[in-house]
Structure formats: C-alpha cells, structure tokens
Amino acid sequence: MLTNNVYSEKLPELNLAQMAQKLQISPSYAFEVFKKTYKQSPRQYLTKLIMQEAQNWLLIPEIRIQDISYALGYSDPAHFTRQFKKWTGETPRQFQKQVSPTG
C-alpha cells in the first residue's frame with residue numbers, strides 16, 4: 001500500500017503577482033496578457049491543469065484518493081472530493097469506477 005509521503009511533494013504555489021514582478025510588468029497587465037493568450041483566467045487554467053492531473057492519477061487504482069488530494073495541494077481530501085465533483089459532476093470514486101476496465 002502506498003503511503004502519503006510517496007506523493008508528499010505538492011504542486012508549487014503559483015502567484016501571478018510574483019511572476020509579474022520577475023517579468024517587471026504590472027500584475028494587471030500580466031493578467032490581461034495571460035487571459036488574452038490562454039482565453040481564460042490564470043485560476044481557470046490552473047483548475048483545468050489540476051483536474052487533468054487528478055484524472056490521470058485516478059486512472060491508477062493503487063493510488064488512494066487521499067494521497068492524490070494531498071499531492072495536489074489539498075489538506076482535506078473531502079474538499080478535493082467536493083471540488084472534483086464540481087469540475088466533473090462525479091466524485092473521484094465514481095470517476096474511477098467509470099474508467100476502470102473491470103467497471
């Protein structure tokens with residue numbers, strides 16, 4: 001069985017203001033450029049990436065949902081489950097059952 005510390009390295013915290021500072025531009029201009037380039041806000045983009053990563057990890061039945069939630073930066077697996085359901089319309093467990101070859 002996998003332990004929490006196998007996936008204990010969390011995603012880095014992204015901060016648009018810090019990125020803008022490093023690029024020596026204003027945060028509002030960084031937001032505008034990001035939104036124009038990616039056709040969505042940085043928050044929407046990050047949410048999409050997290051959802052895709054969660055779905056990829058949920059394809060591996062040996063990895064516990066709790067471990068996935070911690071690896072994605074959630075301190076509460078229940079909150080991850082609520083967010084996943086909000087994104088996809090189903091819980092992580094339902095998603096696993098749907099994509100599982102054994103059904």
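Ring pairs join Tyr-74, Phe-80, Phe-84, Trp-87 and Phe-95 into a cluster, where a pair means rings of Phe, Tyr or Trp (its six-membered ring) with centres within 6.5 Å. The model is a predicted one, in which local features need pLDDT of at least 70 and side-chain atom pairs count only at pLDDT 80 or more, while totals for chains, interfaces and linings use all residues. Residues are numbered from 1 along each chain as its sequence is written, and side-chain values use heavy atoms, with hydrogens and water left out.

Across the whole structure, the search finds seven aromatic pairs. In one of them, the ring centres of Phe-84 and Phe-95 are 5.7 Å apart and the planes stand at 70°, so the pair is edge-to-face; planes over 60 degrees apart receive that label, those under 30 count as stacked, and the rest as tilted. This pair links distant parts of the chain, with Phe-84 in helix α5 (residues 77-88) and Phe-95 in helix α6 (residues 92-99), 11 residues apart. Phe-84 and Phe-95 are both buried, a class that requires under 20% relative accessible area, whereas exposed requires over 50% and partly exposed lies in between (1.4 Å probe, protein chains only).

Helices here are DSSP runs of H or I with at least four residues, strands are runs of E with at least two, and both are numbered from the N terminus.

Gln-24, in the loop between α1 (16-23) and α2 (27-38), has a positive phi of about 60° although it is not a glycine. Gln-24 counts as exposed because its relative accessibility is 73%. Lys-39 lies in the loop between α2 and α3 (42-58), and its phi is near 60°, again a positive value in a residue other than glycine. With 70% relative accessibility, Lys-39 also counts as exposed.

The structure holds one salt bridge, defined as a side-chain nitrogen of Lys or Arg within 4 Å of a carboxyl oxygen of Asp or Glu. Asp-67 forms it with Arg-64, the closest N and O atoms being 3.1 Å apart. Asp-67 is buried at 1% relative accessibility, while Arg-64 is partly exposed at 31%.

For the chain as a whole, 25% of the 103 residues count as buried. Among contacts (heavy atoms within 4.5 Å) between residues at least 6 apart in sequence, 48% join residues at least 24 apart.
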